[in-house]
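Subject: Structure handover

Hi,

Here is the structure for you to look over. My notes follow it.

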Amino acid sequence: MSGQHPPAGGAHGAAAAASGAGPDGGADLVLSVRDLEVSFGTKRGTARVVRGLDYDLARGETLAIVGESGSGKSVSTLALTKLIPIPPGRVTGTAHLGEVDLIGLSEQELLPYRGRRIGFVFQDPMTSLNPVHTIGRQLTEGMRHHLRLSEADARDRAVDLLRQVGIPGAEHRLDDYPHQFSGGMRQRVVIAIGLSCGPDVLVADEATTALDVTTQAQLVDLVGQLQADLGMAVIWITHDLGVVAGIADRVLVMYAGEVVEQASVEELFARPRHPYTVGLLASLPVLGDFDRDELTAIPGLPPSATDLPPGCSFHPRCTFRDDPRCEHERPPLREVAPGHRVRSFYMVPEEEARHAAASERVAVEPPDVRDQGVVS
Ligand SMILES: Nc1ncnc2c1ncn2[C@@H]1O[C@H](COP(=O)(O)OP(=O)(O)OP(=O)(O)O)[C@@H](O)[C@H]1O
Ligand code: SF4
Ligand SMILES: [Mg+2]
């Protein structure tokens, strides 16, 4: 496998490191994405929304994809199994799940992969649940189709899943419709559907954003248990760098469709080097910091995907910009430490970056409820 795909860099995940294999090759590699490009034909021209994405994912590993709204986080994962409209969408590059390149498969050939090998927790639970079908039907559908379970077995497993995601009275809720569930409960149902077929890779797209912090922590813990038990790998998508601290092994920071920094979560919080990452970290609240009147925001807005600036796509907003190349040349992704890659002509000095990434910010992570016996 490693011979077929050039390494994407990145630190090994916790599970991968423990097993001695890692994202750069070896038996534990689950997903290997290379040069993924996604564009859409629009009235205003071609929107290049994902540009040259490379990453590897090992069994049991959690990769967080972080970035502002519109940076291409959702589209980059939806494109893996053609869950975007094609046309106007166009996807190139490769995405090997084991030996199979998903990007090269037809719609029909992708069916056994969607939901079964790659589970999705879609960003919007309102649109991913069908209002005219019962929760039970929507939960059992994939298990009956992909796992060939009988109706009775699928319903039993559906009740177990609803219990696991914390739906009270789960055994009585299968015949209810989505409108009979609260927003947070619908979100948990969508998570249960994503987990139902025991996927190799779970894409959790803002999966816990709408939930209170305790429920969020329970679900993070549940996913963590399944990773440990089944070796499931997780792509955790969020716009909030703060929440990845307690969840991820590695982080990809995306800006305007491209990776601007990737590193292990520890390295990224300890030594962020890209001006954008440093800006994101500086905009996180710090627990107990009562002296700060306001949070530091990154000035300006991300560029339109149909009108990307020349040179570094972050340059119009970059307060560190002082290299003449910034406005004319696209910076390459350079390795600055093992597994730590940065797309910038200028590296924020460690001392300055450390100040922005003060370790107290990591306290934003949800509390660990494992020891409180909340999750069975
Ligand atoms: N069907 C489509 N046609 C045209 N452009 C699209 C389409 N779907 C997505 N886009 C564009 O692709 C870009 C990336 O969208 P994406 O949904 O991946 O952002 P995101 O990083 O997930 O943002 P958010 O944090 O708001 O969920 C956006 O500019 C969006 O407008
Ligand atoms: S390449 Fe230049 S403009 Fe871009 S992030 Fe680095 S310093 Fe800023
Ligand atoms: Mg999104």
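Of the 376 residues in the protein chain, 49% are buried. Buried means that 20 or more other C-beta atoms lie within 10 Å of the residue's own, with C-beta atoms placed from the backbone.

Some ground rules. This is a predicted model, in which local features need pLDDT of at least 70 and side-chain atom pairs count only at pLDDT 80 or more, while totals for chains, interfaces and linings use all residues. Residues are numbered from 1 along each chain as its sequence is written, and chains are lettered from A and ligands numbered from 1 in the order in which they are written.

Overall make-up

The protein chain has 11 helices and 12 strands. Both are DSSP runs numbered from the N terminus: helices are H or I with at least four residues, strands are E with at least two. Take the contacts between residues at least 6 apart in sequence: 67% join residues at least 24 apart. A contact means C-beta atoms, placed from the backbone, within 7 Å.

The 8-strand sheet

This sheet is open, and its order is S6-S7-S8-S3-S9-S10-S12-S11. Its pairing is mixed; two strands pair if DSSP finds at least two bridges between them. S6 (118-121) and S11 (333-337) are the edges; each has a single partner strand, so one side of each lacks a neighbour in the sheet. The twist averages 20 degrees from one strand to the next. Angles run from 0 to 180 degrees between N-to-C directions, with axes fitted to C-alpha atoms, for helices over the stretch in contact.

Helix H7 (residues 183-195) packs on this sheet and touches S6 and S7 (201-205). The direction of H7 makes about 175 degrees with that of S6. Elsewhere, S10 (residues 258-264) and S12 (residues 340-343) pair antiparallel over 2 bridges. Gln262 sits opposite Arg341 in S12.

The 4-strand sheet

This one is open too, with order S2-S1-S4-S5 and antiparallel pairing. Its edges are S2 (45-58) and S5 (100-101), each with a single partner strand, so one side of each is left without a neighbour in the sheet. S1 (residues 29-42) and S4 (residues 89-97) run antiparallel, joined by 8 bridges. Glu37 stands opposite Thr92 in S4.

The core

Which residues touch the most other members of the largest nonpolar core? Val244 and Val251, out of 94 residues. Such a core is a set of buried Ala, Val, Leu, Ile, Met, Phe, Trp, Tyr and Cys residues joined through C-beta atoms within 7 Å. H7 gives the most to this core, with 7 residues. Leaving out residues up to four places away in sequence, Val251 touches Ala64, Val66, Val244, Gln262, Ala263, Val265 and Leu268.

Best wishes

Methods:
Buried ≥ 20, exposed ≤ 12 C-beta atoms within 10 Å, placed from the backbone. Contact = placed C-beta atoms within 7 Å.
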